[in-house]
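Dear colleague,

Please find below the structure that I am handing over to you. My findings follow directly after it.

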Amino acid sequence: MADTNDIKSYLFFSLGNNEFAINAGKIQRILDMRDITPLPQSPVYMMGVIDMDGEALPVIDTHIKLDVARPGNHKKEFVIVVEIGSADDENCLGIIADKVHSVTEVEPDNIKMLPDNVAVSNASYIGGMIENNGRFIVILNPDAILTSDDIVAINKLVADYTEALSNAANKQQ
């Protein structure tokens, strides 16, 4: 049995027919899908922004970014708000999930690294795998879903959008 200090909690969710997990410590909140405002000249994987507590939160289409097919019976989506970046330069990002399952404690013995002989394109976002009842669940590293260039570009788009909204509000006064 692992030391309880080593046990970590993970949020389990589905994207298409795939199951993923994210360290629960990186999750700020989970939202029901809401209207998303698209931003011009956004990367193809960026859906746009949503209003979260008066701030524009960028939301990415995780299906596109992770190259995962949408389920055929696609009815409802969720936005998982994750913290990305370092403590000095932290950002929030909304990622799409088709289903949110549970937060589960996982012992370190059940966490495996991706084998070297497994070839996965763009595997930088994979933080390992959780062995759960004979199947493996991919651990997403939210800090690696986007590159630093992606984050800079998205932050600029959101800042430009926020500034345009502020300027429009000031002209109406």
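The notes below cover the overall fold and then the salt bridges.

Please bear in mind that this is a predicted model. The protein chain contains three helices and 11 strands. Along the sequence, these elements follow the order β-β-β-β-β-α-β-β-β-β-β-β-α-α, so named by DSSP runs counted from the N terminus.

With regard to burial, the protein chain has 173 residues, and 38% of them count as buried. The accessible surface of the protein chain amounts to about 10100 Å². Carbon and sulfur atoms contribute 47% of that surface. As for contacts in the protein chain with a separation of 6 or more, 56% are made by residues 24 or more positions apart.

I then turned to charged side chains. Side chains of opposite charge can pair when their charged atoms come close.

Two of the pairings involve Arg-70. With Asp-61, Arg-70 forms a salt bridge in which the closest N and O atoms are 2.3 Å apart. With Glu-77, Arg-70 forms a salt bridge whose closest N and O atoms lie 2.7 Å apart. Are these residues buried or exposed? Asp-61 has a relative accessibility of 4% and therefore counts as buried, since the limit for that class is under 20%. Glu-77, at 9% relative accessibility, likewise counts as buried. Arg-70 counts as partly exposed because its relative accessibility is 39%, which lies between the 20% and 50% limits.

The remaining pairing described here is in helix α3, which spans residues 148–172. Lys-156 and Asp-160 both lie in this helix, four residues apart, about one turn of the helix. Their side chains meet in a salt bridge, with an N to O distance of 2.9 Å. Asp-160 counts as partly exposed, at 37% relative accessibility. Returning to the residues around Arg-70, salt bridges that share partners join Asp-61, Arg-70 and Glu-77 into one network.

With kind regards

Technical notes
Residues numbered from 1 in each chain as written. Predicted model: local features only at pLDDT ≥ 70, side-chain atom pairs only at ≥ 80, totals over all residues. Heavy atoms only, no water. Helix = DSSP H or I, 4+ residues; strand = E, 2+ residues; numbered from the N terminus. Buried < 20%, exposed > 50% of the residue type's maximum accessible area, 1.4 Å probe, protein only. Contact = heavy atoms within 4.5 Å. Areas by Shrake-Rupley, 256 points an atom, 1.4 Å probe, with all protein chains shown as cover. Salt bridge = Lys/Arg side-chain N within 4 Å of Asp/Glu carboxyl O.
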